[in-house]
Every structure is written in C-alpha cells, then in structure tokens.
Amino acid sequence: MRRTSEVEMRARTGRVAAVGVAVVAAVLSPVLEVASWLVYAGLPAEWLPRVTVTPQSAAALTFPAVGAFLIAQRPRLNMAWLMCVGGLAAGVSDLAQSLMFRAAANGDLTLAGHLRFPGTLGWALCGFTLTSLLPLFSPDGRLPSPRWRPVVLLGAAALATEMLRTIFRPDPPLRGYPFPAVIPNPLQIRALAPYNDLISSVAWAGIYTAMALAALSLLVRLRRADPVGKRQIGWPLLAFAGYVVFLVAGAFVPGLMWLAIGWAALIPVAVAFSVMRYRLYGIDTVISRTFVAAGVLVVVGAVYFGVGALSSLLVSGYHQIAGLAAALFAGAFFQPLRRALQRVVDRMLYGKVGDPRVLAARLTQALRRGDPAEALTSVVSVLRDGLAVEGVAVEVADGEPRYVESGPVGPDAREVRLVWHGEVVGRLLVGRPGPRRFPAAHDERVLATLTPYAADVAHAVRMAADLQRSRERILTAREEERRRLRRDLHDGLGQTLAAMAMTINIARKRLKDSPESAEALLRELRAGMDAVTGDVRELVYGLRPPVLDDLGLTGAVTDLARQTLPEADTEVTAEGDLSVLPAAVEVVVYRIVQEALTNVRRHAQANRVRVELRRERTALRLLVTDDGRGLPADHRPGVGLGSMRERAAELGGIAIVAPVPGGGTRVEVMLPLPTSAQPATT
C-alpha cells in the first residue's frame, strides 16, 4: 500500500513538473518573440531586414501555448512536447536574429557573427519538430508505419544540411550585400563558396519534399481510418496541407507569405481539435466550404475582370458601363457556379452518394416500381446510402407497416420529423456514422432533398392503411347489417309469418264447426298482417329511407326538418342538380341531417335552423347551422358526432362541427362525387 502511494505521489509530482515546464515554455516563447519585435523596432533603417515576421514568428506565439494546454490534459503526449520545443526554439531563433542586427548596428560585428549560431540552431530545431515530426506523429503520437522513418531521416538530413551550410557559409562580398557591412562568420569555410548555392538548393528541395511527404502521411492515415479517425485526422491534414501550399506559393509570390504566416498560427489549434475535440467539429464541412468559397472567388473574380476588360476594349471611355457589365455577369455566374462546385466537392468527398440529385433520381425510380410499403423500404435504403450511416429507420404514425429499418439506428439516433402539407405523418431516425466515409457534412442537403420523398411515402402508407381499415369497417358493417336483417327476418318476421300460417290452418278447421271462432281468428290474422307490413316497412326503411325515392333528397330533407323541429323556423335551400346523386351519397346526407337536427332538438334550444345543400362540380356540400346555445367549452364528441364523421369518411369526405361566432353551431360536410355522377355539360 505504501509503495503504491509512493508511485502515485511520484507520478503526480512528475505531472506537475511537466506542466510547469510546459507553462514556462508557453510564457517564455511569446516573450522572446515580442522582445525580438521590440529590438527590430529600435534598429536604424539601414540595418532593418526586409522581413521581420515569418511563419516562425507565428509558431513562437501559438505552438507552446497550445502544447502546454495539451500537456496539462495528457502529459505523455509527445506531439504536445514537440509543439512546446519547436515554439520555444522559434522564439530563441527570432530573438537571436534580432540581437544579431542590433549588435551589428552598434558596430560589434564579431558579436553579431556569433549570434548567428543560436538563431540558426533554433531555426533548424523549430523546422524539424514542427514541419517534419509533428505531422508525421499526428494525431495519435505514432508514425503511420515504420516505412515512414525515411521521411524523418530526409527532413533531419535536409535541415541539418541547410543549418551546417549557414554555419560554415563563407562571407559574401560587400558589393550587393543588403546591409552597410558584412556580418562576419567566425566558422566560415571559404572552400565552400563555389558550392554554396547548390547546397542550398538541394537542402531546400529536401526540406520541401519532407514537408510534403509529412502532410501526405496524414492523407494516407485518412484513407485507412474509421469514421472517428477520419474526423480526427482531417483537421491537421487541412492545416498542414494549407501551410505547405501557401509556403511554397510565398516563395514565388512574396505577398502570399502572410497567408502562410496566418495558416501557421492555425496549425496548433487544428492539432488540439484533432486530439481533444474532434467529435464536435465537422472537418469535412470546413473542407467543403473552403473549396467552394475558393472556387467561387476565383471564377467570379476571373469573370468580373475578364468582362470588365472586354467591355473596356469594346466600349472605351465608358468605365461605368464596363464595371456594371462585369458586376452583372459575375452575379449571374455566382449561384449556378456555387451549386456546381458544391456538387463537385460532394462527389470528391463522398463519391456517388454525395450528390443529392443522384439520390433523388434513384429514389424516384424505386418509387415507381412498388407499392407504398416497398417504396418506404426503398426510401430507407437510399437514405442510409446517402447519409453514409449505420442505420436509418422510418416510423409512420398509424401506418402499416408502422416501422421500417435498414441497419441498426441505436438508442441515440437523430430524429427528423416527416411533415406532409403541415401534418406530421411520422419521423425519420438516423443512426451513427458508418465505416465507409466521413459522417456526411452534406447531411442537411441530403435530408432537405430526400425528406419530402420520405414524407410523401409515409403519407401514402398511412392512406393505404386508412383505406384498408375503411374496407375492413365496410365489410364489418355489411356483415353486421346482414346479421341484423337475418335476426329481424328470422326472429321477428319469420316467427310472425309462421304464427299466421298456423292461425290460417286453425281457422280453416273451425269454419264448419264454429264460424264465430274462425272469424275471431281471421280478425287476429288481419291484425298480424298489419304488424308484418309495419315490420317490412321498418326493414326497408333501415336499408334506405323510402322518402328519398318518394320526394327526392331536397324534399326528404325538408320533410325531415319539418317533422323533427316543428316549432323552430327551419329553412332548407338547394343549389345545383341533386337528381342524379349516387344512392350512397343521398343516404349519407339524409342520415347526417337527421343526426344534426336531432342534436339541435335535444341540446341547442334553437329558434332558427338553416340547411343548405350545394352541388358543386366534384363535390356535394352540406351545411346545417342553428342559433342555439352552441358547443360548451368542455365539449367532447359523442356517439352522434362520431357517427356523422364516420359516415362522411366512408365516402372519402369530411365532416366538421364547430361553433358559430355569436352563438350557435355549424355542421359542414363535404362529400366527393364520382365522375359518373357529375352533371353533363353542353
């Protein structure tokens, strides 16, 4: 136990010491860099070098600070120590370089010559740690494989060569020297003078090659990594690749060196993201938007200047017209160009699944070949491919199938609502990123393109389920009606007719012996026949109100209103031809009006009731309004209102019951009419 405590104490002490050293480096390096700037600011103009701020300056300011932060989190992370050592070496190099010019300006050329050595050593150490080792060891602190060791050796050899060349470089002639006096080199080897330029060219070629290969190692890691590793590697890859590009460009176009300086300051931040917070930032999104923005900027700029130059040649002297024409052409190119570049970048990053239009075309073809259930399966499969995730599922509200899944979505799936014309018809569940590609930065574009298809299919599945349930209800209602008829005919009418037949037989036997009793039996038989007639009438009325055949729909509704509400002021109006309506529509309208008027009589206490029947081109509209008490605040639909809605739904229509402003209730029904029931037009 004591030994364990000692080990823990020693480990804690070592961690504190490591953090302390890192903090010292993080503080000292910017101090050295700022001190070098102050020294440069005090130099006379003739001794002030042309360039005082370089990518090395950015490294001195940012790398040690980020390295200290990483060491505080993970003390054994070798990349963090590389950042601290390299940044501190950069600060030492810049300060030694500035002090060299300060000593030379003061006339102490010998001291200036000796100050060249710490500056050169710091430069070489900074370059080796930050431009060669750091990308090779990012993001996990190990080389991609032993085969990359020659790249380490190449970087070390090239930097060592350039460092030694600078240390032993012969003094140049005063003629052409950019400063008032030549700073002597105490270790110069004059015999190297003929080979100085050649050695420098070879060394810098090796340096640039090692830097490019170090950045390439990240690309190799990227291709072999899993989705988490891809996001982790993407940040340092973007940072180092951009730095190499701008550094090389700055060697040929000095004005671009500022981009390299700014990009160098971002490298440690990118490395920190890759080590600590890579899950929170989409590097593929950054890459995509960077390429699109750069492409748009270049092309639109070229179009603008090209059109401006052409307009100036054709319409010389009219500079305003040239500028306006250039701006119009550039603006016209902007949006189509952005979309085209976005598609190209998506195809580069994600392959064929990166173009939402291709996915939409695939989905359209799949939807044409199957019923709603099969189409829903196709939607799920295409979405899974397009989003490059492990699983996608669609859950349909009141649908059949209710849940379709392609791959496991897991407990932490992303949920996207499926909305069809303002109505939520289901939800889309998106699982974790798959192993094939980045977790797609184009997720939102893919979802925006394909979610409407999924919502349409989910709605179709719901409609198919509703249709099936409607068929089942119709079948159930038909069988229930048959059962009722059978019961009424067998138990009611059948028993009555059997009793009447027995009465006839008894009466026949009593005609000769007892005419009086036979007459009584016949009177009873006559009363029984009246009852049978009433039963038959009720059965027929249950199938279809006969008043519809006698008076028509308008007359039947008028008669119903007069009988149901004899004391109220009722008004029935009809518009359009109601003589050729389907029988089912007439029965539904009659029953709904009957139920609505019954509710008015029982609950509304209305003085005035209005019933409107309006025949439109493809529908029949029914409106029943009253001036009664209206619906209570805590109103809940009962059996009667539910019956009205069900009757309308059986024909594909809708029934709405709502209060009337100022008091009263309105029942509005819309029933679609088949084409065969539409009135003829001339």
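**Sheets and helix packing**

Trainee: How many bridges join strand 1 to strand 2?

Mentor: Strand 1 (residues 392–396) and strand 2 run antiparallel and are joined by four bridges. Please keep in mind that this is a predicted model.

Trainee: What is the bridge partner of valine 394 in strand 2?

Mentor: The partner of valine 394 there is valine 404.

Trainee: And the sheet of four strands, what order does it have?

Mentor: The order is 2-1-4-3, in an open sheet with antiparallel pairing. Strand 2 (403–406) and strand 3 (414–420) are the edge strands, and each of them pairs on one side only. On average, and with direction ignored, neighbouring strands of this sheet are turned by 20 degrees against each other.

Trainee: Which strands does helix 12 lie across?

Mentor: Helix 12 (residues 372–387) lies across strand 1, strand 2 and strand 4 (423–430). With strand 2, helix 12 makes an angle of about 35 degrees.

Trainee: What holds paired strands together in general?

Mentor: Strands of a sheet pair through backbone hydrogen bonds, and the pairing is either parallel or antiparallel.

Trainee: In which sense do strand 5 and strand 6 pair, parallel or antiparallel?

Mentor: Strand 5 (residues 569–575) and strand 6 (residues 608–615) pair in the parallel sense, over seven bridges. Within this pair, valine 572 has valine 611 of strand 6 as its bridge partner, and aspartate 569 stands opposite arginine 608.

Trainee: Changing topic to the helix pairs: at what angle do helix 2 and helix 3 pack?

Mentor: Helix 2 (residues 55–73) and helix 3 (residues 78–105) pack at about 150 degrees, with axes 7 Å apart. Helix 2 is therefore roughly antiparallel to helix 3. The crossing of helix 2 past helix 3 is left-handed.

Trainee: Which residues make that contact?

Mentor: Helix 2 contributes residues including Ala60, Phe63, Gly67 and Ile71, and helix 3 contributes residues including Trp81, Cys84, Gly87 and Asp94. By class, this contact of helix 2 with helix 3 has 14 nonpolar, six polar and one charged residues.

Trainee: How far apart are the axes of helix 5 and helix 6?

Mentor: The axes of helix 5 (residues 149–167) and helix 6 (residues 196–224) are 8 Å apart, and the packing angle is about 150 degrees. That angle makes helix 5 roughly antiparallel to helix 6. Helix 5 passes helix 6 in a left-handed crossing. Among the residues that meet are Leu154, Ala158 and Arg165 in helix 5, and Ile199, Trp204 and Leu213 in helix 6. The contact of helix 5 with helix 6 divides into 11 nonpolar, six polar and two charged residues.

Trainee: Last pair: why are helix 4 and helix 6 roughly parallel?

Mentor: Helix 4 (residues 109–137) and helix 6 pack at about 25 degrees, with axes 7 Å apart. Because angles under 35 degrees count as roughly parallel, helix 4 and helix 6 are placed in that class. The crossing of helix 4 past helix 6 is left-handed. Residues of this contact include Trp123, Pro135 and Phe137 of helix 4, together with Trp204, Met211 and Arg221 of helix 6. The contact of helix 4 with helix 6 has 10 nonpolar, three polar and one charged residues.

Note on methods:
Residues are numbered from 1 along each chain as its sequence is written. This is a predicted model: local features need pLDDT of at least 70, side-chain atom pairs count only at pLDDT 80 or more; totals for chains, interfaces and linings use all residues. Side-chain values use heavy atoms; hydrogens and water are left out. Axes are lines fitted to C-alpha atoms, for helices over the stretch in contact, and angles run from 0 to 180 degrees between N-to-C directions. Helices (H or I, at least four residues) and strands (E, at least two) are DSSP runs, numbered from the N terminus. Angles under 35 degrees count as roughly parallel, over 145 as roughly antiparallel, 65 to 115 as roughly perpendicular and the rest as oblique. A crossing is left-handed if the near helix is turned anticlockwise from the far one by less than a right angle, and right-handed if clockwise. Contact means heavy atoms within 4.5 Å. Ala, Val, Leu, Ile, Met, Phe, Trp, Tyr, Cys and Pro count as nonpolar, Asp, Glu, Lys and Arg as charged, and the others, Gly among them, as polar. Two strands pair if DSSP finds at least two bridges between them.
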